[in-house]
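Visitor: Before we discuss any labels, could you show me the sequence and the structure, so that each term can be set against its value?

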Amino acid sequence: GRIWKAQMVKLMQKAEICGFVTEGARQKKKKKAETIKRGEGLSEFATYIWPQWLRNSWHKKAPKWKAKESTEAVENLNPFMPKSEIYAFMQDLAFMPGARARSVQSHSQVNDDYSNWLKDKDDQGATLGIWERKGKSILELRGIWQECFLKILAEMSNEVPDKNKGIELFELCLDEQRKSKQYLDSHRDGLLNVSFLVHWLRQNLVSNTGEVSLQVFQKVLNNCQLTLPKIVVSSLWHSALPTDRFNGNWGLRKVADLEDRIVMYLVKGIPAESVEALIFDVLSVPSLQDISHEELKTMFRQVDTKLGMNGFLEPREVKALITNLAQAGMSMSDLMGALKKLGCDFDEMNVKEAFLLLDTSADDLMDLPEFLGFIDFIIMRLIPQEIFRVMGLQPQQVMIRLIFAVFTLIAIFLFIFVSLGAFHVTMPISSAGAGGGASMVRVGITLLAVVALKRETSEEDEERFFKNARDRLYAMLGVTQSQIDARRRAMGLATNRPLPMLRKSGAGFQFGGKGGKGGGDDKDDDDGGGDDDD
């Protein structure tokens, strides 16, 4: 169980502890940007050139190499480290050796979440170092390496998405640190001093009000109570002018250009917060004051989603939104009460089914378009279904009648067949032909009588069916016969004539009363007209 240098570099990067620390001057001669390719094979990690303090830590934990044929160790050759020494090696990378740690009189706790982490400050209150308490000992953090630097930027809402650019930004910060001699320390080579990093962040982030990152831009809009879709915020930020510092490795945008772009964008319409202020603070419509803020935001998002998710509404769209909000919808109980007041007799389950089917907004309220759809549902579905049920023309009823008719015909034919057989046995052989003919004649006469009787009663049945259907339709719609008569009198029509009903004749369907055929009256009128001509 041992590990060699390339494997250790890979492990350090996975653990995010000094995984990209290199000796600055020598590594630049090796074209670091070309040799450091994160995610490549172990051969790429073998090209890393560690600073002296990191090589010393490796040599201290990795034993010297001894050849099999020789008992003497090879000088400055420590290719492998036992796995048991890996934890101690990692700790030696992150913290200063006890003999090299600064002597500090007092420490203060970083915060309540990290009670075992301490810091010391100078007279001006600037942080000088970070310490960790482990039992009775206190270890000083050696410095800030690349992975830790990127995590700090992310916690400050200035994340660098591209890791390669983040490491290049770290190198620029490190070059700036090397220009100041007060931070030179051979035991921290390749790392950022805590005190210098605090100064650098204050200068480039806290005090820099002319540039902003995408995360900070989003927080500023939220604090200004300006709600825009994330895709709109991202588009505005990416279209703004980038900063000309840090060689483009830090994704910052100029605040002045972002301000102009936001103003130009919001000229097109009104955002959600402006609509909210318009309804609750400017307009004094009583029906709008009962609307909650969440309900208003939900309605705004629904309208904005249908219009392309722009984050704003045009003035005409705001007018339509306010009109829809002012028109209160009809609940299920209100709908049932309205139908009862109108005298409509609809099955409650059918009404509930139609309400749930037509409530497309799923807000348990039926607005005007949904109510018009409900009327169409009544006319096109509920009324025809009920009329068919009263007339016995539903599929189940028709099937039952067909089955009954088939059994009736079978019974009649069986009766005729048995009757003919009985006549054939009792009749003499000599008169069999005549008797059979007479029987057939009697049977034919009987069938004709049945058909004639059925035809005489079919028109009465049709009139009865239509009368029942009409009465049921009047009952469903809450209309009485007296209201129909009053309407006819208002239109100047006679009330003593019954309403025309659809009847079936030999030539098709025609209109006529119960007293006679519809064509008779027309014929009499024609004859009368002929006498007048004469």
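Guide: The accessible surface of this chain, in what is a predicted model, comes to about 34,200 Å², and carbon and sulfur atoms account for 58% of that surface. The chain has 23 helices and 10 strands, and buried residues make up 31% of its 534 residues.

Visitor: Why does Asp120 count as buried?

Guide: Asp120 is found in strand β4, which spans residues 117-121. Buried means under 20% relative accessible area, and Asp120 has 4% relative accessibility, so Asp120 counts as buried.

Visitor: What makes the link between the side chains of Asp120 and Trp131 a polar contact?

Guide: A polar contact requires a pair of N or O atoms within 3.5 Å, and the side chains of Asp120 and Trp131 are joined by one of 2.8 Å.

Visitor: How are the axes of helix α7 and helix α8 arranged, and at what angle do they cross?

Guide: The axes of α7 (residues 146-155) and α8 (residues 163-178) come within 10 Å and cross at roughly 105°. Angles of 65 to 115 degrees count as roughly perpendicular, and therefore α7 is roughly perpendicular to α8.

Visitor: Which residues of α7 and α8 meet, and to which classes do they belong?

Guide: From α7, Gln146, Phe149, Leu150 and Leu153 meet Lys163, Gly166, Ile167, Leu169, Phe170 and Glu171 of α8. By class, this contact has six nonpolar, two polar and two charged residues, with Gly counted among the polar ones.

Terms used: Residues are numbered from 1 along each chain as its sequence is written. This is a predicted model: local features need pLDDT of at least 70, side-chain atom pairs count only at pLDDT 80 or more; totals for chains, interfaces and linings use all residues. Side-chain values use heavy atoms; hydrogens and water are left out. Axes are lines fitted to C-alpha atoms, for helices over the stretch in contact, and angles run from 0 to 180 degrees between N-to-C directions. Helices (H or I, at least four residues) and strands (E, at least two) are DSSP runs, numbered from the N terminus. Angles under 35 degrees count as roughly parallel, over 145 as roughly antiparallel, 65 to 115 as roughly perpendicular and the rest as oblique. Contact means heavy atoms within 4.5 Å. Buried means under 20% relative accessible area, exposed over 50%, partly exposed in between (1.4 Å probe, protein chains only). A polar contact is a pair of N or O atoms within 3.5 Å; within protein, one must be able to donate a hydrogen and the other to accept it, and residues adjacent in sequence count only if both atoms are side-chain atoms. Accessible areas come from the Shrake-Rupley method with a 1.4 Å probe; for residues, only the protein chains shown count as cover.
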